[in-house]
Amino acid sequence: MTTAPHLDPETIDRMLDDATTWAVVGLSGNPARTAYEIAALLQQHGKKIVPIHPSAPVVLGEQGYATLADVPFPIDVVDVFRRSEDAGRFADEAVAIGAGGVWFQLGVVDEAAFERTRAAGVPMVMDTCPAIEWRKRGR
């Protein structure tokens with residue numbers, strides 16, 4: 001069985017194992033939101049989270065930024081919690097800031113953004129969640 005290119009196991013493993021700084025697009029201080037739950041899970045797995053939200057809140061003890069371009073340090077993965085029709089621009093912004101990878105959450109699919117991002121040499125995963133992928137590994 002062939003794996004879809006946007007669910008490449010090696011790319012998923014590299015992001016989960018090697019990437020330490022994750023910008024979480026759409027992360028607010030609302031603990032009822034999925035982005036909040038996943039950001040907390042990322043922290044439990046030793047990741048530094050960077051909230052990306054127009055109001056730039058402090059979330060889970062980390063300073064937020066209004067845009068990816070505002071973050072003053074390197075980002076390993078840009079994790080996007082936005083609707084599919086809005087997500088592509090964040091993939092483009094991730095490429096523009098030199099992020100190491102892009103991750104579109106479960107249900108977020110933009111094939112054109114995937115092709116642009118990969119063509120720019122930036123690994124990308126879409127339509128899955130770190131929680132799902134860690135669960136598959138038994139973690």
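Modeller: The largest pocket holds about 310 Å³ of space. Of its 14 lining residues, Arg-33, Thr-34, Ala-35, Phe-81 and Arg-82 are the closest to the centre. The model is predicted: local features need pLDDT of at least 70 and side-chain atom pairs pLDDT 80 or more, while totals for chains, interfaces and linings use all residues. Residues are numbered from 1 along each chain as its sequence is written, and side-chain values use heavy atoms, without hydrogens and water.

Biologist: What makes a set of points a pocket?

Modeller: On a 1 Å grid over the protein atoms alone, a pocket is an open set with protein on both sides within 12 Å along at least five of seven lines, and lining residues have an atom within 4 Å of a point. The volume is the space filled by probe spheres set on the points, which are joined across faces, edges and corners.

Biologist: How does the lining of the largest pocket divide by class?

Modeller: There are 6 nonpolar, 5 polar and 3 charged residues. Here Ala, Val, Leu, Ile, Met, Phe, Trp, Tyr, Cys and Pro count as nonpolar, Asp, Glu, Lys and Arg as charged, and the others, Gly among them, as polar.

Biologist: Which helix gives the largest share of the lining of the second largest pocket?

Modeller: Helix H3 (residues 84–97) does, with 3 residues; helices (H or I, at least four residues) and strands (E, at least two) are DSSP runs numbered from the N terminus. This pocket has a volume of about 150 Å³, and its lining has 6 nonpolar, 3 polar and 3 charged residues.

Biologist: Why is the pair of Trp-22 and Trp-103 called tilted?

Modeller: The structure holds 2 aromatic pairs. In this one the ring centres are 5.7 Å apart and the planes stand at 50°. Rings of Phe, Tyr and Trp (its six-membered ring) pair if their centres lie within 6.5 Å; planes under 30 degrees apart count as stacked, over 60 as edge-to-face and the rest as tilted. The pair is therefore tilted. Trp-22 in strand E1 (residues 21–25) and Trp-103 in strand E4 (residues 102–104) are 81 residues apart in the chain, and both are buried.

Biologist: Why is the pair of Tyr-65 and Phe-73 edge-to-face?

Modeller: Its planes are at 80°, with the centres 6.2 Å apart, so the pair is edge-to-face.

Biologist: Is Tyr-65 buried or exposed, and how do you know?

Modeller: Buried means under 20% relative accessible area, exposed over 50%, and partly exposed in between (1.4 Å probe, protein chains only). Tyr-65 has 18% and is therefore buried, whereas Phe-73, at 28%, counts as partly exposed.

Biologist: What puts the buried residues of H1 on the same side?

Modeller: In helix H1 (residues 9–18) the buried residues are Thr-11, Ile-12, Met-15 and Leu-16. They cover an arc of only 125° around the axis, so they lie on the same side of H1; the arc is that of the directions from the helix axis to the C-beta atoms. On the other side, Glu-10 and Asp-18 are exposed.

Methods
1 Å grid on protein atoms, 1.4 Å probe; cavity = no way out; pocket = protein on both sides within 12 Å on 5 of 7 lines; lining within 4 Å.
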